[in-house]
Amino acid sequence: MSVDLLASAGKSAATVLAQHAIDTPAEMIVMGAYGNRRLRERLFGGVTRWIVGKPSLPLFLAR
């Protein structure tokens, strides 16, 4: 396992994470889903919503 520090360069966290997964030899994106309140998630969107809507790799979601 490794930890990478990624600069956003003004891009959204979801965009940076998805691109990093593509740029590395990742086979899957593993992430928690909807840790924030659902109302806040609906109003403002979020990383989970974006990744689920536009998956670049297979997803494993946990709640």
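The largest pocket has a volume of about 270 Å³, where a pocket is an open set of points on a 1 Å grid over the protein atoms alone, with a 1.4 Å probe fitting at each point and protein on both sides within 12 Å along at least five of seven lines. Its volume is the space filled by probe spheres set on the points, which are joined across faces, edges and corners. Lining residues, defined by an atom within 4 Å of a point, include Leu-17, Ala-18, His-20, Ala-21, Met-28, Val-30, Val-47 and Ile-51. The elements that give two or more residues to this lining are α1, β1 and α3, and α1 gives the most, with four residues.

The model is predicted, so that local features need pLDDT of at least 70 and side-chain atom pairs count only at pLDDT 80 or more, while totals for chains, interfaces and linings use all residues. Residues are numbered from 1 along each chain as its sequence is written, and side-chain values use heavy atoms, with hydrogens and water left out.

The protein chain holds three helices and two strands, which are DSSP runs numbered from the N terminus (helices H or I, at least four residues; strands E, at least two). In order from the N terminus, the elements run α-β-α-α-β. Buried residues make up 17% of the 63 residues, with buried meaning under 20% relative accessible area, exposed over 50%, and partly exposed in between (1.4 Å probe, protein chains only).

In α1, the buried residues are Ala-14, Val-16, Ala-18 and Ala-21, and they pack against β1 (29-32) and α3 (47-53). Leaving aside neighbours within four places in sequence, Val-16 is in contact (heavy atoms within 4.5 Å) with Leu-6, Ala-7, Ser-8 and Lys-11. The C-alpha atoms of Val-16 and Leu-6 are separated by 7.5 Å, although the two residues lie ten apart along the chain.

Two residues can be set side by side by place and accessibility.

| Residue | Place | Relative accessibility |
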